[in-house]
Amino acid sequence: MAKKDRGNGVVATNRRARHDYLIEDTYEAGLVLTGTEVKSLREGRASLVDGYAFVDGGEAWLDAVHIPEYTEGTWNNHAPRRKRKLLLHKQQIIKISQKTAQGGYTLVPLQIYFSDGRAKVEIAVAKGKREYDKRQALRERQDRREAERAMSSRGHLGE
């Protein structure tokens, strides 16, 4: 039996999600994948840009996440943007579906990674930010950077 690689190997992150959404809760979910999808993920190839998750019939699904075809795959290769089932506890699914039933909340994938040799996805219950919220967040980040620069340059002057 092959030894599974340990640790958290991050395959793909959705950096845009933290900019476009206000993250409320995060969940770690397993993914139901085919063999060629796992091999493609192990090569570090995936994109979460247009991805989203939803609850349908008591099951959680991940859709529009692009995992490209495995280059060494044959006729049984997978479809790159197929719907994939998420593995969550029943109570988590109920909690998520109640939250998303409220107006303005959605499920977005934040990152895909390997944990103890198993592919996992971190999903978040999030609320969309308004345009002025995005500008304010950028301004706060820029102000913080400028303050840190000023503090570090002040420390260099005293030497």
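Serine 40 is buried, with a relative accessible area of 0%. Buried here means under 20% relative accessible area, exposed means over 50%, and partly exposed lies in between (1.4 Å probe, protein chains only). The model is predicted: local features need pLDDT of at least 70, side-chain atom pairs count only at pLDDT 80 or more, and totals for chains, interfaces and linings use all residues. Residues are numbered from 1 along each chain as its sequence is written, and side-chain values use heavy atoms, with hydrogens and water left out.

Start with the surroundings of serine 40. This residue sits in helix H2. Helices (H or I, at least four residues) and strands (E, at least two) are DSSP runs, numbered from the N terminus. The serine 40 side chain reaches the backbone oxygen of proline 68 at 2.8 Å. That is a polar contact: a pair of N or O atoms within 3.5 Å, where, within protein, one must be able to donate a hydrogen and the other to accept it, and residues adjacent in sequence count only if both atoms are side-chain atoms. Contact in general means heavy atoms within 4.5 Å. Leaving out residues up to four places away in sequence, serine 40 touches Arg45, Ile67, Pro68, Glu69, Tyr70 and His78.

Now take the helix as a whole. Which residues of H2 are buried? They are Thr36, Glu37, Ser40 and Leu41. Viewed down the axis of H2, these buried residues fall within an arc of 140 degrees, so they line one face of the helix. The arc is that of the directions from the helix axis to the C-beta atoms. An α-helix has 3.6 residues a turn, so residues three or four places apart point the same way. Just after H2, glycine 44 takes a positive phi of about 85 degrees.

The structure holds 6 salt bridges. A salt bridge is a side-chain nitrogen of Lys or Arg within 4 Å of a carboxyl oxygen of Asp or Glu. Glutamate 37 meets arginine 82 in one of them, at 2.9 Å from N to O. This pair links distant parts of the chain: glutamate 37 lies in helix H2 (residues 35-42), while arginine 82 lies in the loop between E4 and E5, 45 residues apart. Glutamate 37 counts as buried at 0% relative accessibility. Arginine 82 is partly exposed, with a relative accessible area of 26%.

Glutamate 37 also forms a salt bridge with arginine 84, with the closest N and O atoms 2.8 Å apart. Here too distant parts of the chain are linked, as arginine 84 is in strand E5, 47 residues apart from glutamate 37 in helix H2. Arginine 84 counts as buried at 1% relative accessibility. Through shared partners, salt bridges join Glu37, Arg82 and Arg84 into one network.

Another salt bridge pairs aspartate 20 with arginine 16, the closest N and O atoms being 3.5 Å apart. The two are 4 residues apart in helix H1 (residues 15-20), so about one helical turn separates them. Is aspartate 20 buried or exposed? Aspartate 20 is buried, at 18% relative accessible area. Arginine 16 counts as exposed, at 52%.

Follow arginine 84 into its strand. E5 (residues 84-87) has a covered face, made of Arg84 and Leu86, and an uncovered one, made of Lys85 and Leu87. Two strands pair if DSSP finds at least two bridges between them. Strand E2 (residues 21-31) runs antiparallel to E5, joined by 2 bridges. Strand E4 (residues 59-63) pairs with E5 in the antiparallel sense over 3 bridges. Leucine 86 takes part in both pairings: leucine 31 has leucine 86 as its bridge partner, and alanine 60 stands opposite leucine 86.

A nonpolar core is a set of buried Ala, Val, Leu, Ile, Met, Phe, Trp, Tyr and Cys residues joined through side-chain atoms within 4.5 Å. The largest has 25 residues, of which Leu41, Leu86, Leu88, Val121 and Ile123 touch the most other members. Elements giving two or more residues to this core are strand E1 (8-13), E2, E4, helix H3 (90-101), strand E6 (105-115) and strand E7 (118-128). A second, separate core of 5 residues includes Ala17, Val108, Leu110 and Ala126.

Finish at isoleucine 112, in strand E6. Isoleucine 112 is buried, at 1% relative accessible area. From alanine 12, isoleucine 112 is 100 residues apart in sequence and 5.3 Å apart in space, C-alpha to C-alpha. Neighbours within four places aside, the contacts of isoleucine 112 include Leu41, Val65 and Val121.
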